[in-house]
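Please open the model in your viewer and keep the selection tool at hand. The tour below moves from one selection to the next and says what is to be found at each stop.

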Amino acid sequence: MSTSTLTLEQEFNPWEAQAARFDLAAQKLNLDEGIWKIMRYPSREIIVHIPVLMDSGKIEVFTGFRVQHSIARGPAKGGVRYAPDVTLDEVRALASWMTWKCAVVNIPFGGAKGGIICDPKKMSQTELERMTRRYTAELVEFIGPEKDVPAPDVNTNEQTMAWMMDTYSMHMRQTVTSVVTGKPLALGGSRGRREATGRGVMIVCDEAIRKLGLQRSSTRVVVQGFGNVGSYAAKLMCEAGYKIIGIAEIDGGLYNTNGIDINALFAHKERNRGIQGFSGAEPHDPKELLVADCEILIPAATEAVITSRNAERVKARILCEGANGPTTAAADEILADKKVFVVPDILANAGGVTTSYFEWVQDRQGFFWREDVVNEQLKDIMVGSFAEVVHYAETHQVNNRIAAYMLAIDRVGRTIKTRGIYA
Ligand code: NAD
């Protein structure tokens, strides 16, 4: 379906957003029809209903998903999110994006994603632990270091991965650290993984401003989301000399034209469990921050925040997508007309999965790298992939997003063709 024929409901559906870009890129590649059909849909979708004994003594049943989009290039790889509004369509889209992302940065993984419909903010640690363990147990035949390797995503973290690793290991009767990534350091995690997605965002921003002839010190940045991705992107970029003028969170935003001291904001968040009330910036409407005057806008929270409704008002010269799917397909065309330089999600936030790949390699080697080695290898991959996508866009006369999809679809398609169809 062409992006211009999407209805408003379709525009906000992440699966439709993914499929619209996939179809456009596949069409431009003149992709073989059979390979197109294989790659358009996930290869496996698992739905589990997880009984959990709550602290009150009552039993609650939560619905969880694991979608494996592709294992053509290696084990499926992708995060697990906990949120009240998770849907199968969303997890499908996120799983497909993982396939394309791993192919864009050329690491040997396919794509997967998981999610549980729950409100983690209303659950205790013990309830979250029991839910995570039962979810892992339900998926025990489908995940594994050579099959599908989960990782953290929205509302899951190193502790969640520790529980998943332990549960899987108990079933295997041996410790299997490489079954998940994003683990605590003491349990086979990688140095640099916590900051990796934000660091990757900074690396591609460095490349983008260089291309546009800008300097870090005069580049104003607005970040949406102060979670794992957004907070570390803001912190590293602030330390590197960028001016972070706005932070948008779900319950309010912060704005300071002279730049926000992100290390002070980290300390404030630690003390107050949120960014509100920070004295180093003025409160600001978080939605308006997306269209504030700045050079770089980094949506690093959730899907469908740059849409046909606000894309026209975006003033940033560079849109660097820390989140997955923050821009709808309809907004792509508006941004292209406005000549906004887009660093698409499947490239911009690939620092996370790239360092997860390093973690998986280190766990299997049983040999752990220094942090500067991890960061150096990450930089090599991000800089190289940025150059490949931009070069592809220029030589094929397409925008950066479609270039990234074309590069990825071509890589995955060739692998499927060479492996052949098992009958
Ligand atoms: P997180 O849960 O650590 O943080 C998300 C933050 O966004 C939270 O602080 C939340 O309050 C805020 N938020 C949610 N909705 C918002 C809204 N409408 N407006 C403003 N703020 C909002 O999650 P994360 O791991 O940082 O992931 C963020 C995004 O990045 C997701 O799209 C995720 O899929 C993507 N991503 C994460 C990683 C990773 O390594 N964690 C890697 C690649 C991509």
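Contact, as the word is used on this tour, means heavy atoms within 4.5 Å. This is a predicted model, in which local features need pLDDT of at least 70 and side-chain atom pairs count only at pLDDT 80 or more, while totals for chains, interfaces and linings use all residues. Residues are numbered from 1 along each chain as its sequence is written, and side-chain values use heavy atoms, with hydrogens and water left out.

Begin by colouring domain 1 (44-175) and domain 2 (196-348) separately; these bounds come from an automatic or database domain assignment. Their centres, taken over C-alpha atoms, are 27 Å apart, and ten residues of domain 1 are in contact with seven residues of domain 2. About 710 Å² is buried between the two domains, with carbon and sulfur atoms giving 58% of that area; buried area is the accessible area (1.4 Å probe) that two parts lose on being put together, summed over both.

Next, select Trp 97, Lys 101 and Val 104, which supply 59% of the area that domain 1 buries against domain 2, more than any other three residues. Then show the side chains of Arg 81 and Glu 303, which meet in a salt bridge at 2.8 Å, N to O; the term requires a side-chain nitrogen of Lys or Arg within 4 Å of a carboxyl oxygen of Asp or Glu. Helices (H or I, at least four residues) and strands (E, at least two) are DSSP runs, numbered from the N terminus.

Now select the open sheet of five strands, whose order is β1-β2-β4-β3-β5 with mixed pairing; two strands pair if DSSP finds at least two bridges between them. At its edges are β1 (44-53) and β5 (148-152), each pairing on one side only. Within this sheet, β3 (residues 76-83) and β4 (residues 111-117) pair in the parallel sense over four bridges, and Arg 81 stands opposite Gly 115 in β4.

Finish with the open sheet of seven strands, ordered β9-β8-β7-β6-β10-β11-β12 and also of mixed pairing. Because β9 (282-284) and β12 (341-343) stand at the edges with a single partner strand each, one side of each is left without a neighbour in the sheet. Strand β8 (residues 252-255) pairs with β9 in the antiparallel sense over three bridges, and Leu 254 has Pro 283 of β9 as its bridge partner.
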